[in-house]
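I am opening my notebook to look through this chain, beginning with a term that I shall need and then going from the overall pattern to single residues.

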Amino acid sequence: MAEAFTATPYLHGNCEPCPACALRREVADSAPILRAEVPCNVCAGRGYLPLSDAEIVARTCEEARRLFWPARVAAWGRQA
Ligand SMILES: [Zn+2]
C-alpha cells in the first residue's frame with residue numbers, strides 16, 4: 001500500500017510547531033536543550049504539524065513577495 005505523501009518536517013517552512021506540545025513543555029520543563037519527550041495526541045509526540053502542499057507554496061510565495069521582489073525592483077531602479 002502506497003504511503004500518502006507528507007511534507008518532510010526537516011525543511012524550514014514545511015511545518016509549524018505544535019501548540020499543544022509547546023503548552024505541555026511549558027509545564028514539563030524550562031531547559032532550552034535536551035527536552036524530555038512529552039506525550040501528545042495532537043501531533044503524536046513529533047512536535048510539529050505538517051502543512052499541506054498548498055500552504056507550503058502559499059507561504060513560500062508570500063516570503064518571495066516580501067523579500068525577493070522589493071530587492072529586485074530596487075536593483076532594476078539602480079540600473080536605469
Ligand atoms: Zn503535539
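Before starting, I wrote down the cut-offs for burial: a residue counts as buried if 20 or more other C-beta atoms lie within 10 Å of its own, and as exposed if 12 or fewer do. I also noted that what I have here is a predicted model.

Entry one, the whole chain. I looked up the secondary structure and found two helices and two strands, which follow the pattern β-α-β-α when read along the sequence. Buried residues make up 4% of the 80 residues in the chain. Turning to contacts between residues at least 6 apart in sequence, I found that 57% of them join residues at least 24 apart.

I then checked its course and noted a kink of about 35°, centred on Arg65. How many of the 27 residues of H2 are buried? The number is zero, so H2 lies largely in the open.

I located Ala44 in the loop between helix H1 (19–28) and strand E2 (48–50), and its phi is near 60°, a positive value in a residue other than glycine. I set beside this the general rule that most residues other than glycine have a negative phi. Is Ala44 buried or exposed? It has 9 other C-beta atoms within 10 Å, and because 12 or fewer counts as exposed, Ala44 is exposed.

Notes:
Residues numbered from 1 in each chain as written. Predicted model: local features only at pLDDT ≥ 70, side-chain atom pairs only at ≥ 80, totals over all residues. Helix = DSSP H or I, 4+ residues; strand = E, 2+ residues; numbered from the N terminus. Contact = placed C-beta atoms within 7 Å. Bend = angle between axes of the 7 residues up to and from the residue.
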